[in-house]
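Subject: Structure handover

Hello,

My notes on it follow below.

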Amino acid sequence: MFEWLVQICNYIVFDLFGLDKTTHLGQSLHFFIYDTIKIFILLIVIIYAVTFIRSYFPVEKARDFISKKHKIAAHLLASVFGMLTPFCSCSAVPLFIGFLQARIPLGITFSYLVSAPLNDAVVIALLISIFGYKVAIFYILACLLVAVVSGLIIGALSLEKEVLLDIKPASCGCSNLQTLDLKTRAKEALDYTFFIFKKVYKYVVIGIFIGALIHGYAPAELISKYGGGDVWYAPIIAVLAGIPMYSNAAGILALIEVLTQKGVLMGTALSFMMAIVALSLPEAMILKRVLSLKLIGIFFGVVGASIIAIGYIFNIIL
């Protein structure tokens, strides 16, 4: 989807600035420019689309449709939908905000937010090619389980008051949706999009800057040194080491392959990967403008604990 942007960033960083692709600075700068532009585009496009479409359809209908589903089924649908969106943890935030705008129940939106960065067709194909079908199937099921369980727990805690984002009323600020013409709908959607964008863009830049530094300079040997072998605390070390880092699943799989070759157990290595892609400091920085620190802490704690549990289970099974 963003191959054109990769080429532009390659030209700016490696040709125009003359940086080496193999240096930490070159990798970090490329990462920062690429992710900042990509997330800005996603943020504007998705919020605009959700706001514009919502002007035609009462959000109560969407909520009624979801409420008629069994609770687990609703979370599972959100998690499966997340698998179909090829986003990293930060790129998934714009659609997460769109779900909040549409008044989708909080727990269900979190099931999407957890699932989206963990799974996509490319990741599954790479897992099969590197580790085989068995590992790929276990990984898919584990990701869905983490997303559903995390969403159910967060939803059960009634934390809606911890959402800091001002949710636009269902009428988009107008008393009679049926009388709005296309131009008015488009203008109101655009106004609201930039209203939200101005609230979060600084946090996006700060978050991605932190992620770029970690992406370029974090020592990959950390997990291999302290989480290798079959020590009981290995999955815990793996998750704690993975959370500060930032990458997508496809981008980290090469490192996971190396770690398993160095003696890191499969469950420990996969829990490390899941922590990197599902939770990150840049994601927390972006969410800080939308959610309270309390809710962000609960989100990270619940998902992190779930991933640690999956690491132990994988180590036993695989």
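Buried means under 20% relative accessible area, exposed over 50%, and partly exposed in between (1.4 Å probe, protein chains only). Helices are DSSP runs (H or I, at least four residues), and strands are DSSP runs too (E, at least two), numbered from the N terminus.

This is a predicted model: local features need pLDDT of at least 70, side-chain atom pairs count only at pLDDT 80 or more, and totals for chains, interfaces and linings use all residues. Residues are numbered from 1 along each chain as its sequence is written, and side-chain values use heavy atoms, with hydrogens and water left out.

Helix α5

In α5, the buried residues are V93, P94, L95, F96, I97, G98, F99, L100 and Q101. That is nine of the nine residues of α5, so the helix is largely enclosed by the rest of the structure. R103 follows α5 and has a positive phi, near 65°.

The loop before it

F87 sits in the loop between α4 (71-83) and α5 (93-101). Its relative accessible area is 12%, so F87 is buried. Contact means heavy atoms within 4.5 Å. Leaving aside neighbours within four places in sequence, F87 is in contact with L42, I46, A92, L95, Y112, A116 and P117. F87 and L113 are 26 residues apart in sequence, yet 9.6 Å apart in space, C-alpha to C-alpha.

Helix α2

Two residues here are worth a look. G26 is found in helix α2. G26 is buried, at 0% relative accessibility. Beyond its neighbours within four places in sequence, G26 is in contact with V13, F14, L19 and D20. G26 and N10 are 16 residues apart in sequence and 9.7 Å apart in space, C-alpha to C-alpha.

T36 is also in helix α2 (residues 24-54). T36 counts as buried at 10% relative accessibility. Its side chain reaches the backbone oxygen of F32 at 2.7 Å. That is a polar contact (a pair of N or O atoms within 3.5 Å; within protein, one must be able to donate a hydrogen and the other to accept it, and residues adjacent in sequence count only if both atoms are side-chain atoms). Leaving aside neighbours within four places in sequence, T36 is in contact with V205 and I208.

Helix pairs around α13

Axes are lines fitted to C-alpha atoms, for helices over the stretch in contact, and angles run from 0 to 180 degrees between N-to-C directions.

How do α13 and α15 cross? The axes of helix α13 (residues 266-278) and helix α15 (residues 293-317) come within 7 Å and cross at roughly 160°. That makes α13 roughly antiparallel to α15 (under 35 degrees is roughly parallel, over 145 roughly antiparallel, 65 to 115 roughly perpendicular, the rest oblique). From α13, M266, G267, T268, L270, S271, M274, A275 and A278 meet F299, I307, I310, G311, F314 and N315 of α15. By class, the contact of α13 with α15 has nine nonpolar, five polar and no charged residues. Ala, Val, Leu, Ile, Met, Phe, Trp, Tyr, Cys and Pro count as nonpolar, Asp, Glu, Lys and Arg as charged, and the others, Gly among them, as polar.

The axes of helix α6 (residues 106-118) and α13 come within 8 Å and cross at roughly 120°. V114, P117 and L118 of α6 make the contact with M274, V277 and A278 of α13. Those residues divide into six nonpolar, no polar and no charged.

Best wishes
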